[in-house]
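Hello,

Please open it first, and then read on for what turned up in it.

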Amino acid sequence: MTFELPPLPYDKTALEPHMSAQTFDFHHGKHHNTYVVNLNNLLKDSPLSGKALEEIVLEAWKTGNTPVFNNAAQVWNHTFFWHCMKPNGGGAPVGIIAEKITAAFGSYEKFREDFKAAAIGQFGSGWAWLVLDGGALKIVKTPNAETPMVHGQNALLTVDVWEHAYYLDFQNRRPDFVDTFLNHLVNWEFVNANLARSC
């Protein structure tokens, strides 16, 4: 199986002014695509060739195959991240996830505070996630390419805090990027769909 760069779920201008087409040109068109190309090259003549992406991520993590893991996980993480956003998104959650967030964190405001703290507090490159872990909602952060599935957690929402995710639009202002993500971009329908699949 040869992996291909998945298309964005919206036009690259659709999230402006919050995320620019230029950011997508680099982040999706170059960074994400490089992970796809690298993964295909690494899988040539590999016993992992032909397996599904999630299987490759888990097997590479288990066996310590760092080059394959890093590229496979970043293909998965980025594909997931694009779907975590939508035009006119963000703000308070809707649907069953709203009830689950209130039950787990006390309020959306508390969730927002904790999620932002995780995203800002991730030193260097990485991700902040809302996950379902053993039936409980949790906020976790992971470095580099690490992804919740390797810890038995189901990802519901993520924000990419590698600098290439926001530097063209926000320079070094990661807190402003995370605020923008939460206020204007989160796709709560996608989060609800992930929750439904995970329960």
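Let's begin with the record: an unreviewed UniProt entry places the feature "domain: Manganese/iron superoxide dismutase C-terminal" at residues 95–193. Please keep in mind that this is a predicted model.

Now for the whole protein chain. It holds 8 helices and 3 strands, and from the N terminus on the elements follow the order α-α-α-α-α-β-β-β-α-α-α. The C-alpha trace spans about 50 × 40 × 30 Å along its principal axes. Why does the radius of gyration agree with that of a compact globule? A compact globule of 199 residues would have a value near 16 Å, and the protein chain has 16 Å, so the two agree.

Next, the sheet. It is an open sheet of 3 strands in the order S2-S1-S3, with antiparallel pairing. Strand S2 (136–143) and strand S3 (154–160) are the edge strands, each pairing on one side only. On average, neighbouring strands in this sheet are turned by 20° against each other, direction ignored. If sheets are new to you, strands pair through backbone hydrogen bonds, either parallel or antiparallel. Here, strand S1 (residues 126–133) and S2 run antiparallel and are joined by 8 bridges.

Helix H4 (residues 96–105) lies across S1, S2 and S3 and runs at about 85° to S2.

H3 also has a helix partner. Two packed helices are described by the angle between their axes and the distance between the axes. Helix H2 (residues 53–63) packs with H3 at an angle of about 145°, and their axes are 9 Å apart. The crossing of H2 and H3 is left-handed. Which residues make the contact? From H2 come Leu53, Glu54, Ile56, Val57, Ala60 and Trp61, and from H3 come Val68, Phe69, Ala72, Ala73, Val75 and Trp76. Sorted by class, this contact of H2 with H3 has 11 nonpolar, no polar and 1 charged residues.

Enjoy exploring it, and write back with any questions.

Best wishes

Conventions:
Residues numbered from 1 in each chain as written. Predicted model: local features only at pLDDT ≥ 70, side-chain atom pairs only at ≥ 80, totals over all residues. Heavy atoms only, no water. UniProt positions renumbered as here; feature names shortened; annotations may be inferred. Pairing = 2+ DSSP bridges. Helix = DSSP H or I, 4+ residues; strand = E, 2+ residues; numbered from the N terminus. Axes fitted to C-alpha atoms, helices over the stretch in contact; angles between N-to-C directions. Contact = heavy atoms within 4.5 Å. Left-handed = near helix turned anticlockwise from the far one by under 90°. Nonpolar A, V, L, I, M, F, W, Y, C, P; charged D, E, K, R; others polar. Rg over C-alpha atoms; globule rule 2.2 N^0.38 Å.
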